[in-house]
Amino acid sequence: MKNSLRVRKIHVYLTLVLLVFGFIVAYSVQLTMSGASNLPSSTNDNEWEKKVRLNEKLINEKETNENLEKRLAKLRMEVTAKEKELSERQTASKQVLSRLEELRMRAGLIPVTGPGVTVTLEDSKSAHTFDNVAEGIVHDQNIRDVVNELFAAGAEGISVNGQRLIGGSSIRCVGPTVIVNDTKLAPPFVIEAIGNKDTLVGALRLPGGVIDILKQRTLEISINSSDKVELPAHVGETQTKAGIKPPAIQG
């Protein structure tokens, strides 16, 4: 009977010890799991959120850069188009200005310098011995013939004794003098022309041409070519007179 009671006490003690041990073990396990599950989880979530925000920022920056690159490419195209348009306008302006300058030169409105020829006509030194003295004198028609020959050969501008000829110019005799642009001139008559000097000289020296005919009357004539002939601008009215068509000069 005593042995039976001892067994039961031992069982009770063992049961209590086991319960205490089990409780301690369970508590330790729970504490470990709780600590292990809480701290790492919070850290991972923060890192993940940081990565997500960083990725979102990178994506936004990339989209912004792409938009800026598209805008930059569009602006470059617009600048290129504007530069091309401006260049075309400048080219057109230069052409218009060049054409305007050429027209002003041909109209005699500006002084010009260039290659050309100088023709000097003077009365014959033996005119006083002629039966008809008029045969040895330079007339307005003689000057017009030379001028028209030069224009026909491509002269771009002509002057007579410093009087620039234009479409409205006239060359005519009034008594013993020749009048050009309403200015009285006396011999020698110096005709200066700008153009291709070789072509102009060749036209003047054609056999049977205007100079050849004038020389037969023993008029004093000289022809000189030069790389620099200077013509003054026309002074006076520029209206074309009735019946006179440039570039030919008539009386």
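This is a predicted model: local features need pLDDT of at least 70, side-chain atom pairs count only at pLDDT 80 or more; totals for chains, interfaces and linings use all residues.

Visitor: Where do Glu102 and Arg99 lie?

Guide: Both are in helix α1 (residues 2-106), three residues apart, about one turn of the helix. Helices are DSSP runs of H or I with at least four residues, strands are runs of E with at least two, and both are numbered from the N terminus.

Visitor: Why is Glu102 called partly exposed?

Guide: Its relative accessible area is 31%. Buried means under 20%, exposed means over 50%, and partly exposed is in between (1.4 Å probe, protein chains only), so Glu102 belongs in the partly exposed class. Arg99, with 44%, is partly exposed too.

Visitor: How do you know that Asp140 and Arg144 form a salt bridge?

Guide: Their closest N and O atoms are 3.3 Å apart. Asp140 and Arg144 are four residues apart in helix α2, and therefore separated by about one helical turn. Asp140 is buried, and so is Arg144.

Visitor: Why does Ser159 count as buried?

Guide: Ser159 has 0% relative accessibility, which is why it counts as buried. This residue is found in strand β2 (residues 157-160). Contact means heavy atoms within 4.5 Å, and the residues that Ser159 touches include Arg164, Val190, Ile191 and Leu231, leaving aside residues up to four places away in sequence.

Visitor: What makes β2 and β7 a pair?

Guide: Two strands pair if DSSP finds at least two bridges between them. β2 and β7 have four bridges, in the antiparallel sense, so they meet the requirement. Within this pairing, Ile158 stands opposite Ala193 in β7. The open sheet of five strands has the order β3-β2-β7-β1-β8, with antiparallel pairing. Its edge strands are β3 (163-164) and β8, as each pairs on one side only.

Visitor: Which strands of this sheet does α2 touch?

Guide: α2 packs on the sheet and touches β1, β2 and β7, its direction making about 10° with that of β7. Axes are lines fitted to C-alpha atoms, for helices over the stretch in contact, and angles run from 0 to 180 degrees between N-to-C directions.

Visitor: What is meant by the largest nonpolar core?

Guide: A nonpolar core is a set of buried Ala, Val, Leu, Ile, Met, Phe, Trp, Tyr and Cys residues joined through side-chain atoms within 4.5 Å. The largest one has 29 residues, and those with the most contacts inside it are Leu121, Ile143, Val146, Leu150 and Ile191. α2 gives the most to this core, with five residues. A second, separate core of six residues includes Ile110, Ile194, Val229 and Leu231.

Key: Residues are numbered from 1 along each chain as its sequence is written. Side-chain values use heavy atoms; hydrogens and water are left out. A salt bridge is a side-chain nitrogen of Lys or Arg within 4 Å of a carboxyl oxygen of Asp or Glu.
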